[in-house]
Each structure stands twice: as C-alpha cells, then as structure tokens.
Amino acid sequence: MKFFVDTAEIEPIRELAATGLLDGVTTNPSLIAKSGRDFMEVTKEICGLVDGPVSAEVVALDHATMMKEAEVLRKIADNVCIKVPLTVDGLKTCKALTGEGTMVNVTLCFSANQALLAAKAGASFISPFVGRHDDNGFDGMDLIEDIRLIYDNYNFATEILVASVRHTTHVLQAAKIGADVMTAPPKVIHDLFKHVLTDKGIEGFMADWAKTGQTILK
Ligand code: E4P
C-alpha cells in the first residue's frame, strides 16, 4: 500500500520523505489555506520533495474553467496530479485530462456508485473520505470494501486512495481490504511507528547493555 501524507506543510513532508516511506502528497484548498502559503509556490516546493504524485485541487466548478486551472497546475511539475471534485463537470474534466496523459485524483467520493463513475472516467485515483463518512453515521470502511469489489470485478486500473483517515485503525483496515493508497495527516503516519512494548523493550535492552560496559563502535 502506498502512503501519501495529507498536508501542505513543508516540514512534516520533508521529515516523512526522509524515512523513505512516503509515496506522495495530497493537498486540498482547506490545507492550502491552513498553510498560509501561496498555492503555486507551496505546490512547487512540495513537488520537489517527493517523486510521487502531489495532488493539487482545482477550485472552479465548471468544466471549461477546471480545464484552464488544470493547465496552469500541471505546468508546476511532472508529478502534479490534478484533483477534481466528484461532479459531472469534475468527471468530464477527469476524462479529458487522463486522455491527455495527466494524472487525476477524483475527490469527495462518498458512494461506491460515484467511485464506479470515476473509474469509467479514467481516474488515476479515487478518494473516498472514510473519516467524514464515519462522522455522518456510515462506516467508511464498508465503502472501501464495496469499491474494491467493484474495481476488481471489472479490472479497473483506478487506484483506491483512502482519504480523510483519522487514526491508525483506518490504515490497518484499508490495508486488510487491499486499498492501493492511503493519505493521512502526518500525526497518523507517525503513530503507525509507535508501540508501547517497542519503547519498553528498547528501555530494557538499553539498561542491560549499559551493565555490560561494552561499546559496538570502538
Ligand atoms: C484527501 O485528499 C483530503 O485532502 C483529506 O483526506 C480530507 O480529510 P479531512 O476529512 O480530514 O479534511
């Protein structure tokens, strides 16, 4: 499963990229606003930190203007992935862009039927928002299971990008279902490394090692 980080903050991206475990980045207009940075400038900087796809979202709601915005965004770097909303105009834009060889991430997906439409429109990624789905009384992971089943039935190449991930259990469930990608805030990715018994084990080993009075590096 690929790991994307869901942020427009440079330092956390740099830190995670240094682990060698980061496969891409997702941003959205809210994350750009939170960063307080210029959209074009920060996107360019992020594209230089990772080799994989960096999702940059259009803000127009009509197809013609989405295409114009995508034209500007895809010039930022080769690894820019244009993010479009799951609307009629968004999917028209998706079809046109992927037809030209541009990566497209279809965002704000809340049903398996929407995911089916996105795959038919040739989306590179579909982003079902599991956390927001949970918040509304549904089970976000049921949605991922349904999309996996449908995509496998028809061998769709669209990658399932589990988005709106709120905790490490979402990541585990996504991996068990066989989602292709997950995008999570930096904290959730850092939490994946942690286990209380790992910390306790290190503490014990260090204490016992100190008693030997030895060093590995002479
Ligand atoms: C995905 O690409 C979105 O940016 C993101 O996962 C939304 O998450 P949220 O529901 O925590 O805002």
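Helix contacts and pocket

Modeller: In α8, Met141, Ile144, Glu145 and Arg148 meet His170, Gln173, Ala174 and Ile177 of α9. Contact means heavy atoms within 4.5 Å. The model is predicted: local features need pLDDT of at least 70, side-chain atom pairs count only at pLDDT 80 or more, and totals for chains, interfaces and linings use all residues. Residues are numbered from 1 along each chain as its sequence is written, and side-chain values use heavy atoms, with hydrogens and water left out.

Biologist: How do the residues of the contact of α8 with α9 divide by class?

Modeller: Ala, Val, Leu, Ile, Met, Phe, Trp, Tyr, Cys and Pro count as nonpolar, Asp, Glu, Lys and Arg as charged, and the others, Gly among them, as polar. The contact of α8 with α9 divides into four nonpolar, two polar and two charged.

Biologist: Are α8 and α9 roughly parallel or roughly antiparallel?

Modeller: Helix α8 (residues 140–154) and helix α9 (residues 168–177) pack at about 20°, with axes 10 Å apart. Axes are lines fitted to C-alpha atoms, for helices over the stretch in contact, and angles run from 0 to 180 degrees between N-to-C directions. Under 35 degrees counts as roughly parallel, over 145 as roughly antiparallel, 65 to 115 as roughly perpendicular and the rest as oblique. So α8 and α9 are roughly parallel.

Biologist: Which residues of α10 do Pro12, Glu15 and Leu16 in α1 meet?

Modeller: Helix α1 (residues 10–17) and helix α10 (residues 186–193) pack at about 30°, with axes 11 Å apart. Therefore α1 is roughly parallel to α10. The α10 partners are Pro186, Ile189 and His190.

Biologist: Which helix gives the most to the lining of the largest pocket?

Modeller: Helices are DSSP runs (H or I, at least four residues), numbered from the N terminus. The lining of the largest pocket has 21 residues, with Asp6, Asn28, Leu31, Arg132 and Ser164 nearest its centre. A pocket is an open set of points on a 1 Å grid over the protein atoms alone, where a 1.4 Å probe fits, with protein on both sides within 12 Å along at least five of seven lines; lining residues have an atom within 4 Å of a point. With three residues, the top contributor is helix α2 (residues 29–35).

Note on methods:
Helices (H or I, at least four residues) and strands (E, at least two) are DSSP runs, numbered from the N terminus.
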